Amino acid sequence: MARSTRRLDPENHDRWLISYADFITLLFAFFVVMYALSSVNENKYKVFSASLTTAFGGAGAARSDTVTPLSEQDQLLKSLVDRRNARIAERQRKQQESVNNMVRNLNEVLTPLITSGQVTVSQSSRGVVLEINASALFNMGEAELRGNSVKTLAEVAAVLKGGEQLIEVEGFTDDVPINTVRFPSNWELSSARASSVVRLFVDRGVMPSRLSAVGSASNHPVSPNDTAEGRARNRRITVTVLSYATDSLAQQAIQ
């Protein structure tokens, strides 16, 4: 019986080209889609750029000679952004004016203590800082305000009560330990002194919701504690009128 023979087709070595061509086609389509998604609306970009220039005081920045007219929608968007920036700038101006008035008034009512070196008024990144030496307010190791200090702090409260900023009162001691029935450590003493100042402010019309009292004991000294003068310098009360937050300004401008 004769055997049947089957002819085998030669192997095709170019079949990979079909898959490669499909891959290149898909890759090309992918990049076309990505380019389409990343295209920029030139008019909206110019609105955004102009708004940033206005917000950061760049009115004199170089401008292109040819400007594509804005659409009605883009003009409305630019108008809203400009008005919002103007409101923020106006609020910042008023608040800075208020801070300057506060510093001037504090310097006036505290002139005797500033002259004697017991009080300093300064401005920091956190706000207006009033630093009072503890010897001007308290007897050694005590937290009750002395009679003459009540009048001084009452004048400070009169300056502060008309504002809206938060006020942080912080008490500090030197590094000499205290151990009494009322004050087992410097933590209790510094906290009680800060609370005494806060209570007086509240009694003189400052809103309680604006106030906070913090006791820091001997932490954050401003002078070395190895001399009597340095320890006296570290025993202090700071009253910080906190600056307005930027995001709060923006929120107020929207309203």
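Glu131 is buried, at 14% relative accessibility. Buried here means under 20% relative accessible area, exposed means over 50%, and partly exposed is in between, with a 1.4 Å probe and protein chains only.

Some ground rules. This is a predicted model, in which local features need pLDDT of at least 70 and side-chain atom pairs count only at pLDDT 80 or more, while totals for chains, interfaces and linings use all residues. Residues are numbered from 1 along each chain as its sequence is written, and side-chain values use heavy atoms, with hydrogens and water left out.

The overall layout, briefly. The protein has 8 helices and 5 strands. Helices (H or I, at least four residues) and strands (E, at least two) are DSSP runs, numbered from the N terminus. Along the sequence the pattern reads α-α-α-α-β-β-α-β-α-β-α-β-α. Of the 255 residues, 31% count as buried.

Now the charges. In general, side chains of opposite charge can pair when their charged atoms come close. The criterion for a salt bridge is a side-chain nitrogen of Lys or Arg within 4 Å of a carboxyl oxygen of Asp or Glu. A search of the whole structure turns up 6 of them.

Which residue does Glu131 meet in a salt bridge at 2.2 Å, N to O? The partner is Arg233. This pair links distant parts of the chain, with Glu131 in strand β2 (residues 127–133) and Arg233 in helix α7 (residues 228–234), 102 residues apart. Arg233 counts as partly exposed, because its relative accessibility is 34%.

Glu131 also forms a salt bridge with Arg236, and here the closest N and O atoms are 4.0 Å apart. Arg236 lies in strand β5 (residues 236–242) and Glu131 in strand β2, so this pair ties together parts that are 105 residues apart in sequence. With a relative accessible area of 4%, Arg236 is buried.

The next pair is Arg235 with Asp174, whose closest N and O atoms are 2.5 Å apart. Arg235 lies in the loop between α7 and β5, and Asp174 in the loop between β3 (167–172) and α6 (186–203), so the pair ties together parts 61 residues apart in sequence. Are these two buried or exposed? Arg235 is buried at 17% relative accessible area, and Asp174 is buried at 7%. As for shared partners, salt bridges join Glu131, Arg233 and Arg236 into one network.

Asp226 lies in the loop between β4 (211–215) and α7. At 61% relative accessibility, Asp226 counts as exposed.

Ala217, in the loop between β4 and α7, has phi near 55°, a positive value in a residue other than glycine. His220 is found in the loop between β4 and α7 as well, with a positive phi near 60°, and His220 is likewise not glycine. As for accessibility, Ala217 is buried at 3%, whereas His220 is exposed at 56%.

On to the surface. Tyr20, Phe23, Ile24, Leu27, Phe30 and Phe31 form a nonpolar patch with about 620 Å² of accessible area together. A patch is made of residues with over 30% relative accessible area and no salt bridge, with like charges joined within 9 Å and nonpolar side chains (Val, Leu, Ile, Met, Phe, Trp, Tyr) within 5 Å. Accessible areas come from the Shrake-Rupley method with a 1.4 Å probe, and for residues only the protein chains shown count as cover. Tyr20 sits in helix α1 (residues 16–37). Its relative accessibility is 47%, so Tyr20 counts as partly exposed.

Last, a helix pair. Helix α3 (residues 72–109) and helix α5 (residues 147–160) have axes that come within 10 Å and cross at roughly 165°. Axes are lines fitted to C-alpha atoms, for helices over the stretch in contact, and angles run from 0 to 180 degrees between N-to-C directions. How are α3 and α5 oriented to each other, roughly parallel or roughly antiparallel? They are roughly antiparallel, a label that applies to angles over 145 degrees. That is the end of the list.

Conventions
Angles under 35 degrees count as roughly parallel, over 145 as roughly antiparallel, 65 to 115 as roughly perpendicular and the rest as oblique.
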